[in-house]
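Subject: Structure handover

Hello,

Here is the structure you are taking over. Please open it beside this email and follow along as you read.

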Amino acid sequence: MDIEMIRGIPIEEFLSRLGHEPVRRHGDECWYSSPCREERTPSFHVNTRKGVWHDFGTGRGGDIFTLAGELAGCGGFMEQARFIAGVYGGSLPALSKLPGPGKGTGTAKRKESPRFEEVACGPLYSRALLGYLKERGIPADIALPNCEEVRFRLYGKKYFAVGFRNLGGGYELRTRFMKWCLPPKDLSGIFNGSATCNLFEGFMDYLSWMVLGISCGEDYIVLNSVALLERAYPYLDRYGKIRCYLDNDDAGRRTLKALQKRYGDRIDDCSDMYAGCKDLNEYLRKNFPIE
C-alpha cells in the first residue's frame, strides 16, 4: 500500500473498518457519533464527495491523514499513513521522499513535534475521572486496580484522562468529553493460564464484566478497536473456549462472524445477555445503576 492508494480511501470506508457507522446519511453528508471522544449527540460530519471530515464538538477537521492522527494519537504524516495501512492489514514501504497532504513529492522529510507531551501516568485519584466512571457504572473499587490517571499536554493545553494500558505500552484514554489513544495502539489483556478467554471490544465493557462478576479469574483480551482483530489471533488460537462480549451493531456482528469462521464452536456469543442494549456497559448502567 502506497501513499496515493491511502489518499484514495473513502473516509466513510476507513471509519467502517474501525467499527464506526453513520448515525444518519443524506446524499453526500454523513453524521457520526465522534470516533475521537464520547458524546451523546452526533456531531462528527463527513462529506463523502469531498473526502473531508469535521468534528463540530472540537472544531477539528481535515482529510483521512489528519483523522488517522486524531484516532491514533500521532501528528507525523508517516505515522498517520502507517496507521491507515495497518488498519487495512498492509504496511507502508520505507520511503525517503513522501508527499505531504495535498502536495507533490518533496525532498525534505517532515519533522513534527509529538502530539502528546509531558505524559505522566499514576494512580487514579481525580474525583472528576472517578465521577465519570461512576456515571458509566464503574465503582472505584473496580476502577482503581484496572485504570490509571494519565496527564499530558496536547497542542499546548494540559489534560488528564482515565488510562487503560495496552500490551504495547500505550493507553486508551477516556473522559466525559474525549476518546483518544496514547500510542502505540494495541490490544489489552491479562493471561492467567486459563483455558477460556473473554473477548471485549472496549475496556468499558471489560470493566462492566468485572462489576457484574462474570467468570472472573479467566483470561481476557480487549481489542480496543475491531480493526485490531487479526492481531488478537495468535493469542486466541490457544484457547479452547472464547466468550465474546461484542457490541450489538454491524461492526460487532462482522467481528463475531469472522471469529466464528476461524474458531467454529469454540466461540460462545454472549451478546444475548445484553440484548436490546448496544453493549455490556449500557446493560450495566440500565440494570445496575450506582446510587
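Two strands count as paired if DSSP finds at least two bridges between them. Helices (H or I, at least four residues) and strands (E, at least two residues) are DSSP runs, numbered from the N terminus. With that, strand β3 (residues 44-47) and strand β4 (residues 52-55) are an antiparallel pair joined over four bridges. One of those bridges can be named: Val-46 has Trp-53 in β4 as its partner.

Some ground rules come next. The model is predicted, so local features need pLDDT of at least 70 and side-chain atom pairs count only at pLDDT 80 or more, while totals for chains, interfaces and linings use all residues. Residues are numbered from 1 along each chain as its sequence is written, and side-chain values use heavy atoms, with hydrogens and water left out.

The whole chain

The protein chain has 10 helices and 15 strands. It has 291 residues, of which 48% count as buried. Buried means under 20% relative accessible area, exposed means over 50%, and partly exposed lies in between (1.4 Å probe, protein chains only). A contact means heavy atoms within 4.5 Å. Of the contacts in the protein chain with a separation of 6 or more, 58% are between residues 24 or more positions apart.

The antiparallel sheet

β3 and β4 belong to an open sheet of five strands, in the order β1-β2-β3-β4-β5, with antiparallel pairing. At its edges are β1 (24-26) and β5 (60-62), each of which pairs on one side only. From one strand to the next, the twist averages 15 degrees.

How many residues of strand β12 (residues 196-200) are buried? Five of its five residues are, so the strand is mostly covered. β12 pairs in the parallel sense with strand β14 (residues 241-245) over five bridges, and Cys-197 has Ile-242 in β14 as its bridge partner. β12 also pairs in the parallel sense with β13, over four bridges. There, Asn-198 is bridged to Tyr-220 of β13.

Two helix pairs

Two packed helices are described by the angle between their axes and the distance between the axes. Axes are lines fitted to C-alpha atoms, for helices over the stretch in contact, and angles run from 0 to 180 degrees between N-to-C directions. Angles under 35 degrees count as roughly parallel, over 145 as roughly antiparallel, 65 to 115 as roughly perpendicular, and the rest as oblique.

The axes of helix α3 (residues 64-72) and helix α4 (residues 77-87) come within 8 Å and cross at roughly 85 degrees. α3 and α4 are therefore roughly perpendicular to each other. From α3, the contact uses Ile-64, Phe-65, Thr-66, Ala-68, Gly-69, Leu-71 and Ala-72, and from α4 it uses Phe-77, Gln-80, Ala-81, Phe-83 and Ile-84. By class, these are nine nonpolar, three polar and no charged residues. Here Ala, Val, Leu, Ile, Met, Phe, Trp, Tyr, Cys and Pro count as nonpolar, Asp, Glu, Lys and Arg as charged, and the others, Gly among them, as polar.

The axes of helix α7 (residues 203-212) and helix α10 (residues 280-287) also come within 8 Å, crossing at roughly 45 degrees. α7 and α10 are therefore oblique to each other. The contact is made by Met-204, Asp-205, Ser-208, Trp-209, Val-211 and Leu-212 of α7 with Leu-280, Asn-281, Tyr-283 and Leu-284 of α10. These residues divide into seven nonpolar, two polar and one charged.

Seven of the 10 residues of α7 are buried, so α7 is largely enclosed by the rest of the structure. Those seven are Phe-203, Met-204, Asp-205, Tyr-206, Leu-207, Ser-208 and Trp-209. After α7 comes Gly-213, with a positive phi near 70 degrees.

Backbone details

Are they buried or exposed? Glu-118, in strand β6 (residues 116-122), is exposed, with a relative accessible area of 55%. Asn-224, in the loop between β13 (219-222) and α8 (229-236), counts as buried at 9% relative accessibility.

Finally, the peptide bond from Pro-183 to Pro-184 is cis, with omega near 10 degrees. Pro-184 sits in the loop between β10 (179-182) and β11 (188-190).

Regards
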